[in-house]
Amino acid sequence: MYYYPESLIVELEERARQLRLDSVEMIHRRGSGHPGGALSVAEIMAALFFHKLRLDPQQPDWPERDRFILSKGHASAILYAALGRLGFFPMEDIKEWGSLECHLQGHPDRLKTPGVEMTSGILGHGVAIGAGLALAARMNDMNYRVYVLLGDGECQGGIVWEGVMTAAKYRLSNLTAIVDYNDVQLDGPVHEIMPMEPMADKWRACNWEVLEINGHDLRQVLEALDMASETHHRPTAIIAHTTKGKGVSYMENQAKWHGIAPSEGELAQAVAELTKEVA
Amino acid sequence: MGMSMREGYGRALAEYGALNPDVVVLDVDTSASTLTSFFAERFPERFFNIGIAEPCMVDVAVGMALGGKIPFANGFAALLALRAVEQIRTCMCYARTNVKIGSSYAGLSDFKDGATHYSIADIATMRAMPEMTVIVPADALEAGKWVPVIAEYDGPVYLRISRAATIPVHNEALELEIGQGIRLRDGSDVTLVATGSMVGRSLRAAEQLAEEGIDARVLEIHTVKPIDKDLILAAAEETGALVAAEEHSILGGLGGAVAEVLSGNRPTPLELVGVADVFVRTGPDPDTLMDAYGLAVGDVVAAAKRALARKEAG
């Protein structure tokens, strides 16, 4: 077990709570977005963006920066919230999300939004692109790490496993994939739509190091990320068991909340619940 | 006929690899066919065989481009321009990453393998994507000369390579610029606008037309996108009749691109030479196959006469 001071955990829990609040408010304001899969990754995003990733918001193109690819691009709200909170762009920008002039697109666009490493939205690309970035790091003698966050439903697409095999072939220990295993997708439960079990064994069979964690337990998230950094000769997959819509009771585990916006009243309840948690 | 286009490309890639250490090459278990094997032998540390997985290869290339490399991603056109199209659209074009697609065995050049392996809709698909540059060399020498040019251009490129030895058109003096067509033969009666393997065939057609007293201009449009509008519009104005010739479907390729230029600027009689909207059979060799599917020199001659007749009919 690695040691993480309680103060760090408390700080990151607060970050996760803020990211959830930002996400539901953004999605409500815009009248569209994907709350379920944004809320499920709040602790993972908090741990990455406010602790683990080496980033410089003043210098989004800093060559040494760690690379993060949101392969499940529909969780864009929480990525925008994280980047805005870090100062990659003014927080006011997120209020403009959805307007024609706003740099924030429905799904992340690397050319328009500072801090977005790679354009995403169509599922399945992250691991293969991450493998390419990790190979480039090796060839260029750079020590940045590459993180890819993908969904469990996303893993139903074959292109994911093409990337997984490629990363294993080249023993890309500088690549970490995090699977948001919330078991809910647009049409219903993942285990009914197209079962992914045994998820961890699939990655293991492809010669990845596999860590299974509770994706809402920050100590486990931090420990898994650190263990991945210290794993040699193979990439690491962190299978993060999560709850879709986590933190907003009526959204939790509901496929319905994959891709719709909360109404005024629903938002008020969400804010009340997310604010109460801390008190 | 000389060197095949794929060999011209493969050798040039290996030569240029020695000059530019940022160039990396990817293939999908087809390096012995696309002839990226020349590069692989010289620079094994910069060659990546991704297995039979074109979409993955494109995405890995995209990642390498994000990491500052200049990736050339190679395979068969039929697969790259069908199976990997979403990767090309989203991650190369929309994300504007600096990936070069070396799309080999294009058109009907894989004559022995049949319709599954032909690629006669790739120009149409690729040129419909914003940010894409689509280049179709005419011969082996030209294919090789594009390697440094596209490597040093920052942006997504689709380079269409024939498996076959097309009719040699160029010599070492050739200088290429993206988007700049080439006037290979002057003429005032009719203009033959050609790309790829049909450039050499159109030059032969021009010779036959000359014997009949018809003065045909021949333009090579190697860059189908962005297309050289000025060269085409000048030819429309000066000759008043055009033919577009390509080893591609008549739907949406060079012919479509030329028609778009003319219709918006200077409507002019235009006849199309290309593969009809059918699946093409297996053939004994590339030339026999092309001749059988409307791409013979005689087909270009006949199209030129039709265009001329329409011009004269006013």
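This is a predicted model: local features need pLDDT of at least 70, side-chain atom pairs count only at pLDDT 80 or more; totals for chains, interfaces and linings use all residues.

Let us start with a pair of strands in chain B. Strand β1 of chain B, residues 23-27, runs parallel to strand β3 of chain B, residues 70-76, and five bridges join them. To see one residue of this pairing, find Leu26(B): its bridge partner in β3(B) is Ala73(B).

Now step back to the whole sheet. It is open and has seven strands of chain B, in the order β2-β1-β3-β4-β6-β5-β10, with mixed pairing. The edges are held by β2 (47-49) and β10 (223-225) of chain B; each has a single partner strand, so one side of each has no neighbour in the sheet. On average, neighbouring strands here are turned by 20° against each other, direction ignored.

Helices come next. Helix α1 of chain B, residues 5-19, lies across β1, β3 and β4 (100-104) of chain B, and runs at about 140° to β1(B). Helix α8 of chain B, residues 140-151, also packs on the sheet, where it touches β1, β3, β4, β5 (133-135) and β6 (157-160) of chain B. The direction of α8(B) makes about 180° with that of β6(B).

Finally, how many residues does each chain bring to the contact? Chain A gives 21 residues and chain B gives 21 residues. On the side of chain A that touches chain B, α5 (126-139) and α6 (158-169) of chain A are the elements giving two or more residues. The most come from α5(A), with ten residues. Sorted by class, this side of chain A has twelve nonpolar, seven polar and two charged residues.

Note on methods
Residues are numbered from 1 along each chain as its sequence is written. Chains are lettered from A and ligands numbered from 1 in the order in which they are written. Two residues are in contact if their C-beta atoms, placed from the backbone, lie within 7 Å. Helices (H or I, at least four residues) and strands (E, at least two) are DSSP runs, numbered from the N terminus. Ala, Val, Leu, Ile, Met, Phe, Trp, Tyr, Cys and Pro count as nonpolar, Asp, Glu, Lys and Arg as charged, and the others, Gly among them, as polar. Two strands pair if DSSP finds at least two bridges between them. Axes are lines fitted to C-alpha atoms, for helices over the stretch in contact, and angles run from 0 to 180 degrees between N-to-C directions.
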